[in-house]
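Hello,

I'm handing over the structure we talked about, and it is pasted just below. Have a look at it first, and then read on for what turned up.

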Amino acid sequence: MGLNIEIKARYDDLDLFKSKLVQLPVSFEGEDYQTDTFYIVPQGRLKLRESNLYGSILIPYIRSDEKGTKQSDYDLLPVSDPQKTKNLLSNILGVRGEVKKRRLIYIFENVRIHLDEVESLGNFIEFEAVIDDMKQIESNNQKVQWLLEYFNIDADHLLRVAYIDLISK
């Protein structure tokens, strides 16, 4: 499984965010349109992501719901037939809901920076620091904290939960 440190925050003015972002040494990975179908599972979360950049991927993950930086244990399982997979999982597990978003993806060192426009929810940013070695957890926590300060994101804007949880309310 993979491991990352992440935050998600409400950020209404994505143009302001981009103006500060381009002052950093970032690379632009692309514009992605994603549909995430979440399934009912007893523990963690399971979603089928359909993406115009990466194809279809089944993503099981475990992450606590808390404000601030959080660790996420996940796996990325490529799916060759998304419709068949969606039908099968829907029948077996049941669908919890669907999240549709437009995502701009930037890379800052090992941190993926996402600018998300989420259908029916609004604008958000997300930082995901990918951990390759357990010794990197503290340095990546510090990197994410630095980004939060750089973009003036205070604790009141951080989300505890995933987009699907906001939509389900």
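Phenylalanine 151 has a relative accessibility of 1%, so it counts as buried. Please keep in mind from the start that this is a predicted model. The ring of phenylalanine 151 pairs with that of tyrosine 150: the centres are 4.8 Å apart and the planes stand at 85°, so this pair is edge-to-face.

That pair belongs to a wider group. Nine aromatic pairs come out of a search of the whole structure. Another of them joins phenylalanine 108 and tryptophan 146, whose ring centres are 6.1 Å apart with planes at 15°; because planes under 30 degrees apart count as stacked, this pair is a stacked one. Where do the two partners sit? Phenylalanine 108 is in strand 7 (residues 95-108) and tryptophan 146 is in helix 3 (residues 137-150), so the pair ties together parts 38 residues apart in sequence. Phenylalanine 108 is buried, at 6% relative accessibility, whereas tryptophan 146 is partly exposed, at 40%. If you colour Tyr11, Phe17, Phe108, Phe127, Trp146, Tyr150 and Phe151, you will see the cluster that ring pairs link together.

The charged end of lysine 8 sits over the ring of tyrosine 163, at 4.0 Å from the centre.

Next, the largest pocket. Its volume is about 510 Å³. Which residues lie nearest its centre? They are Arg49, Ile59, Leu76, Arg103 and Glu128, out of a lining of 26 residues. Several elements give two or more residues to that lining, among them strand 1 (2-10), strand 2 (27-39), strand 3 (45-51), strand 8 (111-118) and strand 9 (122-131). Strand 4 gives the most, with four residues. By kind, the lining residues divide into 11 nonpolar, four polar and 11 charged.

Now for helix 2, which covers residues 82-93. The 12 residues of helix 2 reach 16 Å from first C-alpha to last, close to the 16 Å expected at 1.5 Å a residue. Glycine 94 follows helix 2 and has a positive phi, near 90°. Serine 80 has a relative accessible area of 79%, so it is exposed. Between serine 80 and serine 56 there are 24 residues in sequence, and their C-alpha atoms are 7.1 Å apart in space.

Most residues other than glycine have a negative phi. Serine 120, however, has a positive phi of about 75° although it is not a glycine. Serine 120 is found in the loop between strand 8 and strand 9 and is exposed, with a relative accessible area of 67%. Asparagine 152 is another residue other than glycine with a positive phi, in this case near 55°. The loop between helix 3 and helix 4 (163-168) holds asparagine 152, which is exposed at a relative accessible area of 63%.

Finally, here are two residues whose spatial partners lie some way off in sequence.

- Aspartate 12 is in the loop between strand 1 and helix 1 (14-21). Is aspartate 12 buried or exposed? At 59% relative accessibility, aspartate 12 counts as exposed. Glutamate 117 is 105 residues from aspartate 12 in sequence, yet 9.4 Å from it in space, C-alpha to C-alpha.
- Lysine 101 belongs to strand 7. Its relative accessible area is 5%, so lysine 101 is buried, the cut-off being under 20%. Valine 118 is 17 residues from lysine 101 in sequence and 4.3 Å from it in space, C-alpha to C-alpha.

Happy exploring, and do write back with any questions.

Best wishes

Notes: Residues numbered from 1 in each chain as written. Predicted model: local features only at pLDDT ≥ 70, side-chain atom pairs only at ≥ 80, totals over all residues. Heavy atoms only, no water. Phe/Tyr/Trp six-rings, centres within 6.5 Å; stacked < 30°, edge-to-face > 60°. Buried < 20%, exposed > 50% of the residue type's maximum accessible area, 1.4 Å probe, protein only. Lys NZ or Arg CZ within 6 Å of the ring centre and 35° of its normal. 1 Å grid on protein atoms, 1.4 Å probe; cavity = no way out; pocket = protein on both sides within 12 Å on 5 of 7 lines; lining within 4 Å. Points joined across faces, edges and corners; volume = space filled by probe spheres on them. Nonpolar A, V, L, I, M, F, W, Y, C, P; charged D, E, K, R; others polar. Expected span 1.5 Å × (residues − 1).
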